[in-house]
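This report describes selected features of one protein model. Please look over the sequence and the structure before reading on.

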Amino acid sequence: MGTVSKVWFATAVVAVGTAAAALFIARGGGTSSVAPTTPLSVKASLDRNAVEFGDRVSASVTVLADSRTVDASDVNVHQDLAPLTQLGRTQITRTRRGRLLVLTYLTHASCLDQRCIANGRPKRVALASARVDVRGPGGGTARASWPALQIRSRVLPGDVDQENPPLRSDATPPAAGYRIAPDTLALVMTIVAVLLAVAGVLLGGWAVAGIVRRRRSEARRLTGLDRALALAREAEARPPADRRRALGLLAGLLGGRNERLADEAEELAWSAPAPQPAALADLVTQVEREVNGA
């Protein structure tokens, strides 16, 4: 296996590992170990236990089930929030954490009925229990009781006696709305994170492979006259016989490029006494300057 092939093989291994790590981190690590403690669990809750007449209340029914035996489409929630008046449609959120299936049914309601008024005194309202029916092999029925809700009057006896009674508005912020569902956005961001991680690794591998190829190309280009000059430089510190051979090789390669320098190299190669290192160095420098343009 060549060096470039080894670089790409290592890059592929790192890319796979990076993608797996990105998926593991994006999905929350060890969520696969989460398992339900009971086959079916239901809880009903209110965002507050005391409100004034006309205030909005958020009622949530949370269902916990085993995703191996229960599918979200098999779950039906029946709830009657009377005397509260439901405001808008029920919002359903589905979440999976390993084997644990979590379904949340969020309903906004407000007490606008005459039954919520108790002659200026707070009134305690009890809501009917929520019932959850599950079809299929993991099916069954479960109920959950709502906490008691206390509704206070907005008008006190002292307010009635005033000529200009104060007016108050509901400062509760509206429910959050999403152009893209959070689960969908999380999935898209996970895919983008994985692609960016893999792209970064591949880009690094491409850069390393390019460096290796460039160095190989530079090594291949060191042939002919360049190699002869390099050998002549090395021969400066070698015995006279090596200096003569280096000069002979250099003279042969200069024959088609610079006849004058070729003649000088050949004359120096066979000169008596043997060519000296200083003379060889001067000739190599002259060839590099005039022929190679160094």
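At what angle do the axes of helix H5 and helix H6 cross?

## Basis of the model

The model is predicted; local features need pLDDT of at least 70, side-chain atom pairs count only at pLDDT 80 or more, and totals for chains, interfaces and linings use all residues. Residues are numbered from 1 along each chain as its sequence is written, and side-chain values use heavy atoms, with hydrogens and water left out.

## The H5 and H6 pair

The axes of H5 (residues 240–254) and H6 (residues 259–269) cross at roughly 160° and come within 8 Å. H5 is therefore roughly antiparallel to H6. Angles run from 0 to 180 degrees between N-to-C directions, and axes are lines fitted to C-alpha atoms, for helices over the stretch in contact. Angles under 35 degrees count as roughly parallel, over 145 as roughly antiparallel, 65 to 115 as roughly perpendicular and the rest as oblique.

On the H5 side, the contact is made by Arg 244, Leu 247, Gly 248, Ala 251 and Leu 254. These meet Glu 259, Leu 261, Ala 262, Ala 265, Glu 266, Leu 268 and Ala 269 in H6; contact means heavy atoms within 4.5 Å. By class, the contact of H5 with H6 has eight nonpolar, one polar and three charged residues. Here Ala, Val, Leu, Ile, Met, Phe, Trp, Tyr, Cys and Pro count as nonpolar, Asp, Glu, Lys and Arg as charged, and the others, Gly among them, as polar.

## The three-stranded sheet

An open sheet is formed by three strands in the order S4-S8-S9, with antiparallel pairing. Its edge strands are S4 (75–78) and S9 (140–144), each of which pairs on one side only. From one strand to the next, the twist averages 20°.

Strand S8 (residues 130–134) and S9 run antiparallel and are joined by five bridges; two strands pair if DSSP finds at least two bridges between them. Val 132 stands opposite Ala 142 in S9.

## Cis peptide bonds

Most peptide bonds are trans. The bond from Ala 82 to Pro 83 is cis, with omega near 10°, and Pro 83 lies in the loop between S4 and strand S5 (85–97). The bond from Ala 272 to Pro 273 is also cis, with omega near 0°; Pro 273 lies in the loop between H6 and helix H7 (277–290).

## Overall make-up

The protein has seven helices and ten strands. Helices (H or I, at least four residues) and strands (E, at least two) are DSSP runs, numbered from the N terminus.
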